[in-house]
Amino acid sequence: MEPNEEHNQDQLILSIQTQLRDLHNKQPPEETQKSTAEPLPSLDEVEEIIGYNFRDRSLLAQAFTHGSCRCSTSSYERLEYVGDSVLNLLISREDYFAYPDLQPGKLTRLRAANVDTEKLARVAVKHNLHKYLRHEKPLLDGQVVKSLLEPIITPTTIQMHPVTKVTELCQKHGLKLQFVDLWKETGEIEVFVDDEFVERATYTSKRLIAQNRAANNAYNEIIRKLSAEGNNCDNG
């Protein structure tokens, strides 16, 4: 290699190194970047809210870690599997001893009403537990139910399941009921009665909630139409 060529190559390498060093210096340090992010609230506050101190605090961290969170903690999915069974057992035990004269069918309805997904979401919001969830899915913040939870459901306050309610109403009046499932495409469930559109509901996070709301909307609309038809017959 000629001396001039060797000199030019050294200059080129030196120039590239200088540009890379300058580019690196313009990047804010990793610690600085982290410090500007809004810190997550401490899970110690959760223990204060629920009045219980965990012996294994890794379980508490796991319980509040969503699958979208890119961190070393496992998500709550396995705990959710266990938690559903435990919650059903606790509510079953409470209802069994609280209402000794209640028949099994009504006990089942009562348990289902108190272990309903949307109801549990409202419990979390009421006690501000939702703000401790570790996730990287902004949609979770936007779709949290904001209304407060009413007291635990009892046999005097329980309402019939929306789908059961509208089904029994249609059977009573000889009406053909049909649910059209568009949830995967639009998040919607539509309700038809005697092949005519009656109502719909949208809830993109969970199909069951969309169906329940559609059923409830349809029930109210059918009642309104039946009432109007009855008034027309009376006037006739």
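These exercises walk through one protein model, each with a worked solution.

This is a predicted model, in which local features need pLDDT of at least 70, side-chain atom pairs count only at pLDDT 80 or more, and totals for chains, interfaces and linings use all residues. Residues are numbered from 1 along each chain as its sequence is written, and side-chain values use heavy atoms, with hydrogens and water left out.

**Exercise 1. The overall plan**

Find how many helices and strands there are in the protein, and in what order the elements run.

*Solution.* Start with the rule: helices (H or I, at least four residues) and strands (E, at least two) are DSSP runs, numbered from the N terminus. By that rule the protein has 11 helices and 3 strands. Next, read the elements from the N terminus on: α-α-α-α-α-α-α-α-α-β-α-β-β-α. Then turn to burial, where buried means under 20% relative accessible area, exposed over 50%, and partly exposed in between (1.4 Å probe, protein chains only). Of the 236 residues in the protein, 23% are buried. Finally, look at contacts, meaning heavy atoms within 4.5 Å. Among those between residues at least 6 apart in sequence, 42% join residues at least 24 apart.

**Exercise 2. Gln 62 and Glu 77**

*Solution.* Now list its contacts, leaving aside neighbours within four places in sequence: Thr 73, Ser 74, Ser 75, Tyr 76 and Leu 79. Glu 77 belongs to helix H5. To finish, compare positions: Glu 77 and Gln 62 are 15 residues apart along the chain, and their C-alpha atoms are separated by 8.8 Å.

**Exercise 3. Rings that pair**

Work out how many aromatic pairs there are, and describe the one formed by Phe 64 and Tyr 132.

*Solution.* A pair of aromatic rings is described by the distance of the centres and the angle of the planes. Rings of Phe, Tyr and Trp (its six-membered ring) pair if their centres lie within 6.5 Å; planes under 30 degrees apart count as stacked, over 60 as edge-to-face and the rest as tilted. By this rule the count is 4 aromatic pairs. One of them joins Phe 64 and Tyr 132 edge-to-face, at 6.5 Å centre to centre with 80° between the planes. This pair links distant parts of the chain, 68 residues apart: Phe 64 is in the loop between H4 and helix H5 (77-98), and Tyr 132 is in the loop between helix H7 (117-126) and helix H8 (138-142). Phe 64 counts as buried at 13% relative accessibility, and Tyr 132 counts as buried at 2%.

Now try another pair, Tyr 96 and Phe 97, which is also edge-to-face, at 5.2 Å centre to centre and 85° between the planes. Here Tyr 96 is exposed, with a relative accessible area of 53%, and Phe 97 is exposed at 58%.

**Exercise 4. Positive phi values**

Determine where Asn 128 and Asp 194 are found, and give the phi of each.

*Solution.* Most residues other than glycine have a negative phi, and most peptide bonds are trans. Asn 128 has a positive phi, near 60°. This residue is in the loop between H7 and H8 and is partly exposed, with a relative accessible area of 39%. Asp 194 has a positive phi too, near 50°. Its place is the loop between strand E2 (188-193) and strand E3 (196-202), and Asp 194 is partly exposed at 39%.
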